[in-house]
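Hi,

Here is the structure I promised to pass on.

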Amino acid sequence: MRRRGAEDAGHALNRRDLLLGAAALGGSALLSACGAGKAPLVGPPTVAPPTTPTPLTEAVTVQKMRSAARNRDVNLVIIAPDGVSRVGMPVCVALHGRGADARTFLDLGVQNALNQVVAAGLPAFAVASVDGADYWVDVGKGDDPQRMLSEELPGWLAKRQLRPPSAMFGISMGGFGTLRYAREHKNLKAVAVASAALFVSWPDAKSRKVFADREQWESHEPLLHVGDLPASSTGVWCGNSDPFARADRKLIKALDPAVARMTPGEHNEDYWRGIMPEMMKFVGERLA
C-alpha cells in the first residue's frame, strides 16, 4: 500500500517533520516524506463496489471506483461508528492532503472520534473520503476532482444507501479543496478545515507549481473569495507552529468563523489526530 505523502507546508518543514499525506509542497524546500520510517497503513482489504443499492456490512470499507471526472480509478473509503445502522446515515466528506490518498484517514483516529460523537448522544454519521488531485481543483489536465465530488460521489454513496454529502472537512491541501467546494455548495451544514494550505500571495502559490497562471490561482484561492464562504457553519483549526498559520489567521480574521482554534501544534499527524475528536464533534453538532 502506498505511504502517505507530505503536504505543501513551506520552507519551514523538512522530510522528518511531515508525517501525513498532507502535502508535498511544491518547490525544492518541501519533500514528500510523510511516514518516513513508519510502517505502511494497515486498513481493511479493498472490496468490489456494489452494483445495486446495498447497505454497508462493515463499519470501515475501502473500495475502488472508476471516476470519469478524474479519468482514473480512485479509492473510496467510508468510515462509520461501530454498532449502529448505516442505512440512511448522513455523510461528511473528508479531503486529504497533497501526496496522500483517501486511505490517509484510516490512520488519523476518525472512527474513534465518530464513536465519541455517538457516545456523547449525537446522531451517528459516516465519513467518506476519495482520492483527489492537486489542491482539489481542475488545473487543465483533464482531471477534475471538484466534478467528481459534485457529480459522482453522491451516486456512489447512494449505492451504499447513504445520504448525499451534507458536511465536509479537509486537512492541509484538503482544506483548500474543502473551502473551494463550499463556495459552490451553500447547503453544507458543516465545513471544517485543519492546517488549511492557503496562499497569501501569487508568488507563494506559484512556487507550488500547481496553477497555470495567476488568474487561475485567483479564481480558486479561498482567501480571495471569503465572502462566498459560510461563516456560521465553518470551523478552522491550525497549529501555531504550522507554516500555514499566517494564512489561516488571515482566513479567521476575514471570515470570523463559528469556531477558530489556533493552538500549539505543527503541520503533522500528531496535531491532526489530537484535534480530530473536536472536529468530528463540530460536524456532528451541526448535522444534528
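Below is what turned up, going from the whole chain to a few particular spots.

Before anything else, keep in mind that this is a predicted model.

**The whole protein**

The secondary structure comes to 7 helices and 9 strands. Of the 288 residues in the protein, 56% are buried. I also looked at how far along the sequence the contacts reach: taking those between residues at least 6 apart, 68% join residues at least 24 apart.

**S67**

Strand β2 covers residues 60–67, and S67 belongs to it. Buried or exposed, then, for S67? The relative accessible area of S67 is 0%, and as the cut-off for buried is under 20%, S67 counts as buried.

One is the side chain of E152, with which the S67 side chain makes a polar contact at 2.7 Å. If you set aside the neighbours within four places in sequence, the residues in contact with S67 are R72, V74, M148, E152 and W156.

**Helices α2 and α3**

Next, the helix pair. Helix α2 spans residues 145–158 and helix α3 spans residues 173–184; they pack at an angle of about 55 degrees, and their axes are 11 Å apart. The crossing of α2 past α3 is right-handed.

Which residues make the contact between α2 and α3? On the α2 side they are Q146, L149 and S150, and on the α3 side G177, R180 and Y181. By type, the residues of this contact divide into 2 nonpolar, 3 polar and 1 charged.

**V117**

Last stop is helix α1, residues 110–119, where V117 sits. V117 has a relative accessible area of 3%, so it is buried, given the cut-off of under 20%. Not counting residues up to four places away in sequence, V117 touches L122, P123, F125, M280 and K281. There is also a pairing across the sequence to look at: V117 and E278 are 161 residues apart along the chain, while their C-alpha atoms are separated by 9.4 Å.

Cheers

How values were computed:
Residues are numbered from 1 along each chain as its sequence is written. This is a predicted model: local features need pLDDT of at least 70, side-chain atom pairs count only at pLDDT 80 or more; totals for chains, interfaces and linings use all residues. Side-chain values use heavy atoms; hydrogens and water are left out. Helices (H or I, at least four residues) and strands (E, at least two) are DSSP runs, numbered from the N terminus. Buried means under 20% relative accessible area, exposed over 50%, partly exposed in between (1.4 Å probe, protein chains only). A polar contact is a pair of N or O atoms within 3.5 Å; within protein, one must be able to donate a hydrogen and the other to accept it, and residues adjacent in sequence count only if both atoms are side-chain atoms. Contact means heavy atoms within 4.5 Å. Axes are lines fitted to C-alpha atoms, for helices over the stretch in contact, and angles run from 0 to 180 degrees between N-to-C directions. A crossing is left-handed if the near helix is turned anticlockwise from the far one by less than a right angle, and right-handed if clockwise. Ala, Val, Leu, Ile, Met, Phe, Trp, Tyr, Cys and Pro count as nonpolar, Asp, Glu, Lys and Arg as charged, and the others, Gly among them, as polar.
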